[in-house]
Structure formats: structure tokens, C-alpha cells
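Please open the structure in the viewer and keep the selection tool at hand.

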Amino acid sequence: MTPARRIGVFGGTFDPPHHGHTAVARAAREALNLDRLEWVVSATPPHRAAPIADVFDRFAMVTLATLDEPAMIPSAREIRRGGSSFMIDTLRELRAEAAGAELFLIIGADSYDDLDNWRDPAGIRAVAQLAVVPRLGANGPQALNPRPGERAVAIEMP
């Protein structure tokens, strides 16, 4: 088996996963030409209220949502690690496993705008290219305004 060279990371509570999530995942996989897209189920999100569904139920729902998508992998990384779920830890773990691969963090424009409040935003930007899904505003999709030197691309949604 050839190792994945382009890996997408799509994290969230997925409480529950829905058609919007699968549409984003498909669009990102296609736009970025990903070999693999990991749906990382957040065990204990530090930035929001506790999910309604149990973490194992959310993982099972993600497994069902990705069943017919061979390049989409449900990931229990943050569940196994336990404690608060921080994306930088997940990205570093992936980097250690797939040293030569390109990593892409797939996030919504709202998360992109809030990234400086995440744990180690500079580390996140150094480890992964940001793939930002625009949110519709009053005048259509919001524009992506990357910082100088930041690796960020917009994912166009159908």
C-alpha cells in the first residue's frame, strides 16, 4: 500500500454529523486532491458546550456517514488521547506518523476567524495548510484574507 501523501484533517464534535459535513468533506477531498481525509471526532471540545451525544455514539455516527467513502477515515485519535481535544496535538501526532505527507486542516470560516484563540495557532499554521470553507454572509461567501506568509486556501462549495 502506498502511503498517503496528501492528508486532510476534518475535526469536530459531529453532534450529529450531517449532510453539510459530508458536502464539505467531499468538496475538500476533491479540491485538495487528498489521498485520505480523517474525520477527527473531538472527545472533549475545550471551546464549546459539551456535546449532547456520547463520544462513542458520535464516533459511530461518523463511521456510518463515511461508510461509502473509502478515502474518508473516521478517526478516534482524540478519543484515545482523552482529556481536552486540541487540534495541535492531533496534527503533531499525524505529522509524526506521516513525516513526508502534506497536511491540510479543513475548517469553516468562523473557526478560521477564531484560530488565534486556539491552542498554539502558530504551531497549527506551521504543521498544516489551512483549507477554509467559506460561510455565506449577507452578500455571498465571505472572502478569505490570509495573513502574510500564511498557507491558506478557500474550498469552493457547490
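How much space lies in the largest pocket? In this predicted model, the largest pocket holds about 1100 Å³ of space.

To find the pocket, select Gly-11, Gly-108, Asp-110, Ser-111 and Arg-135, which lie nearest its centre among the 39 residues of the lining. Next, colour β1 (6-12), α1 (19-32), α4 (87-97), β4 (102-108) and α5 (109-114), each of which supplies at least two residues of this lining. The largest share, 4 residues, comes from β4. Colouring the lining by residue class shows 19 nonpolar, 12 polar and 8 charged residues.

The tour now turns to the aromatic rings. The structure holds 3 aromatic pairs. Select Phe-10 and Phe-14: their ring centres are 5.4 Å apart and their planes meet at 65°, and because an angle over 60 degrees counts as edge-to-face, this pair is edge-to-face. Phe-10 is buried, with a relative accessible area of 7%, and Phe-14 is also buried, at 2%.

Phe-10 lies in strand β1 and Trp-39 in strand β2 (residues 36-41), so the pair ties together parts that are 29 residues apart in sequence. Both Phe-10 and Trp-39 are buried. With Phe-10, Phe-14 and Trp-39 displayed together, one aromatic cluster is in view.

Finally, select Phe-86 and Arg-119. What sits over the ring of Phe-86? The charged end of Arg-119 is placed there, 3.7 Å from the ring centre.

Conventions
Residues are numbered from 1 along each chain as its sequence is written. This is a predicted model: local features need pLDDT of at least 70, side-chain atom pairs count only at pLDDT 80 or more; totals for chains, interfaces and linings use all residues. Side-chain values use heavy atoms; hydrogens and water are left out. On a 1 Å grid over the protein atoms alone, a cavity is a set of points where a 1.4 Å probe fits but cannot get out, and a pocket is an open set with protein on both sides within 12 Å along at least five of seven lines; lining residues have an atom within 4 Å of a point. Grid points are joined across faces, edges and corners, and a volume is the space filled by probe spheres set on the points. Ala, Val, Leu, Ile, Met, Phe, Trp, Tyr, Cys and Pro count as nonpolar, Asp, Glu, Lys and Arg as charged, and the others, Gly among them, as polar. Rings of Phe, Tyr and Trp (its six-membered ring) pair if their centres lie within 6.5 Å; planes under 30 degrees apart count as stacked, over 60 as edge-to-face and the rest as tilted. Buried means under 20% relative accessible area, exposed over 50%, partly exposed in between (1.4 Å probe, protein chains only). A charge sits over a ring if NZ of Lys or CZ of Arg is within 6 Å of the ring centre and within 35 degrees of the ring normal.
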